[in-house]
Amino acid sequence: MIKTVATAPYQDQKPGTSGLRKKVPVFAQENYAENFIQSIFDSLEGFQGKTLVIGGDGRYYNREVIQKAVKMAAAAGFGKVMVGQGGILSTPAASNVIRKYGAFGGIVLSASHNPGGPTEDFGIKYNIGNGGPAPEKITDAIFARSKVIDEYKIADVADIDLDKIGSFDLAGMKVEVIDPVADYAELMEKLFDFSAIRALIAGGFRVAIDSMGAVTGPYANEIFEKRLGAPEGSVRNSTPLPDFGGHHPDPNLVHAKELYDDVMSPQGPDFGAASDGDGDRNMVVGKDMFVTPSDSLAIIAANATVAPGYAKGISGIARSMPTSAAADRVAEKLGLGMYETPTGWKFFGNLLDAGKVTVCGEESFGTGSDHVREKDGLWAVLFWLNIVAARKKSVAEIVTQHWAEYGRNYYSRHDYEEVDTDAANGLVTALREKLPSLPGQSFGSLKVTAADDFAYHDPVDGSVSKNQGIRVLFEGGSRVVFRLSGTGTSGATLRVYVERYEADPAKHGIDTQEALSDLITVADEIADIRKRTGRDKPSVIT
Ligand code: G16
């Protein structure tokens with residue numbers, strides 16, 4: 001019943017910031033997905049007879065790859081596979097299932113916020129037993145294996161019925177098709193004060209949750225409409241669609257603009273939130289106030305004790321290097337440990353496992369805590385609603401009061417998408433060469449105090465990750481950071497992160513792009529962006 005299939009390796013299966021992401025036609029090549037899945041199994045040890053969790057964000061090609069993964073898990077010797085009904089498991093829900101049931105690991109099929117469809121993106125990533133993305137030593141091993149693989153094993157059986165909850169035997173392995181929502185909703189109910197949020201909503205506070213035609217729809221329906229009593233229709237675009245309804249399921253000011261405009265209109269809801277393709281990202285908007293992800297992390301950390309799951313306080317905070325230093329000020333005031341990691345949620349895993357931090361966040365619309373080992377979109381939304389309910393203040397009041405207390409970190413990210421790869425690499429190489437000469441140089445009124453290529457020394461396992469983004473720091477705490485995205489699937493994406501600290505509350509009401517305009521000009525001057533990329537402006541500003 002187990003078939004061994006001869007295969008030829010592909011040379012391009014290097015996992016990026018979060019797993020392997022490619023266009024569907026790439027994944028649909030002969031044995032492409034099989035090679036990668038077998039390379040994952042070949043890089044692991046000790047899973048015989050143990051449990052593997054499998055689920056995905058429901059995008060185009062999800063069901064096909066789930067069938068392959070289940071049959072290959074049986075052939076590899078797993079004892080049990082737990083798979084979400086319909087092949088659905090949001091990334092944080094998958095992380096929770098892995099942890100709750102003590103699974104050996106999980107395979108999550110997602111290309112996150114990237115578009116879906118026959119010519120769009122697909123992805124596969126492996127999560128370890130703590131529920132988090134595999135660390136670099138495993139992803140490196142998977143890549144090495146994928147370059148030489150010559151066969152894979154698969155159970156030669158009919159497709160399983162993914163839509164019916166229940167369990168059955170498949171080639172000697174147990175398959176359990178589980179409700180993808182129940183465990184997750186139960187966890188959220190433990191962490192947050194649902195009765196306070198229910199009372200807030202019953203009192204007329206209007207929420208709009210945009211699931212963007214992606215995986216959080218069923219989760220948001222259950223949590224916001226069923227358990228928290230939000231009127232029907234409060235959750236929008238709630239049916240997960242293979243192509244996300246043609247939307248780009250990226251919760252930011254560009255792709256969730258409709259929701260943003262609605263909340264900003266006088267008759268619109270009081271609170272808006274959106275999630276991405278696989279449910280780990282979030283965007284939070286209050287009336288007259290967009291909350292930057294960096295501020296969101298700082299404000300959640302500062303107010304954490306209002307939520308029952310965090311009532312005892314938090315142990316520390318971690319943020320990715322390009323994320324603004326707003327959270328650092330909270331950590332300093334509360335006397336908490338503060339950690340700066342490279343971009344990629346996988347770098348938070350060790351800190352969370354060691355109990356050094358409770359909450360983590362990234363500028364890329366990701367926030368989360370030690371409840372799972374992934375960032376968690378709906379968790380962040382519920383945290384915000386819990387804070388609003390407990391403090392009895394609007395989002396705008398909460399944010400402006402936070403700035404008044406801690407100062408404001410003006411922050412913006414400029415993305416240059418689908419830039420020619422050679423041009424992008426050339427820009428980074430030239431920047432690296434310039435680094436030693438930058439400190440001491442002045443650009444207008446901005447004087448460079450330090451410039452480096454960020455390297456991370458993991459305080460838990462001692463591993464070192466180099467070349468994680470180029471930082472140019474200026475007097476007064478302003479900075480620009482340059483890095484190439486590790487999640488794109490065509491060309492290169494240059495990200496430029498710009499930040500300026502302003503302590504004076506009288507100067508907290510300036511438009512963000514205006515407040516950062518001198519730094520934006522200097523970033524272009526230092527990196528020669530226009531000339532090297534041939535672009536006169538970013539493709540996306542968030
Ligand atoms: C992934 C990672 C995040 C990272 C983001 C952006 O998010 O999990 O940790 O911040 O990519 O990475 P990059 O700047 O390299 O594109 P997601 O939501 O895509 O899984």
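Colleague: Which residue's side chain meets D415 in a salt bridge?
Modeller: That's R413, at 2.9 Å from N to O. By salt bridge I mean a side-chain nitrogen of Lys or Arg within 4 Å of a carboxyl oxygen of Asp or Glu. Keep in mind that this is a predicted model, where local features need pLDDT of at least 70, side-chain atom pairs count only at pLDDT 80 or more, and totals for chains, interfaces and linings use all residues. Residues are numbered from 1 along each chain as its sequence is written, and side-chain values use heavy atoms, with hydrogens and water left out.
Colleague: Are R413 and D415 buried or exposed?
Modeller: R413 is buried, and D415 is too. Buried is under 20% relative accessible area, exposed is over 50%, and partly exposed is in between (1.4 Å probe, protein chains only).
Colleague: What else does R413 pair with?
Modeller: The side chain of E363 meets R413 in a salt bridge, also listed at 2.9 Å, N to O.
Colleague: How are the domains laid out?
Modeller: The assignment gives domain 1 (2–179), domain 2 (184–406) and domain 3 (408–541); the bounds come from an automatic or database domain assignment.
Colleague: And how far apart are the C-alpha centres of domain 2 and domain 3?
Modeller: They lie 26 Å apart.
Colleague: How much area is buried between domain 2 and domain 3?
Modeller: About 2200 Å², with carbon and sulfur atoms giving 59%. That figure is the accessible area (1.4 Å probe) that the two parts lose on being put together, summed over both. On the domain 2 side, M321, N350 and W403 lose the most area to domain 3, together 27% of what that side buries.
Colleague: How many salt bridges cross between domain 2 and domain 3?
Modeller: The rule finds 3 across that interface. Helices (H or I, at least four residues) and strands (E, at least two) are DSSP runs numbered from the N terminus.
Colleague: Back to the whole thing: how many salt bridges does the structure hold?
Modeller: There are 36. One of them joins the side chains of K125 and E374, 2.7 Å from N to O. That pair links distant parts of the chain, 249 residues apart: K125 is in strand β6 (residues 121–127), and E374 is in the loop between β18 (366–369) and α13. K125 and E374 are both buried.
Colleague: Why does R500 count as buried?
Modeller: Because its relative accessibility is 18%. E502 is buried as well, at 10%.
Colleague: Okay, packing. Which residues touch the most other members in the largest nonpolar core?
Modeller: M188, F192, F224, F271, I317, W379 and W384, out of 72 residues. A core here is a set of buried Ala, Val, Leu, Ile, Met, Phe, Trp, Tyr and Cys residues joined through side-chain atoms within 4.5 Å. Helix α13 (residues 377–391) gives the largest share, 11 residues. Domain 1 and domain 2 each contribute at least three residues to this core.
Colleague: Which residues does I317 touch?
Modeller: Leaving out residues up to four places away in sequence, they include L297, A301, V330, M338, Y339 and V359.

Terms used: Contact = heavy atoms within 4.5 Å.
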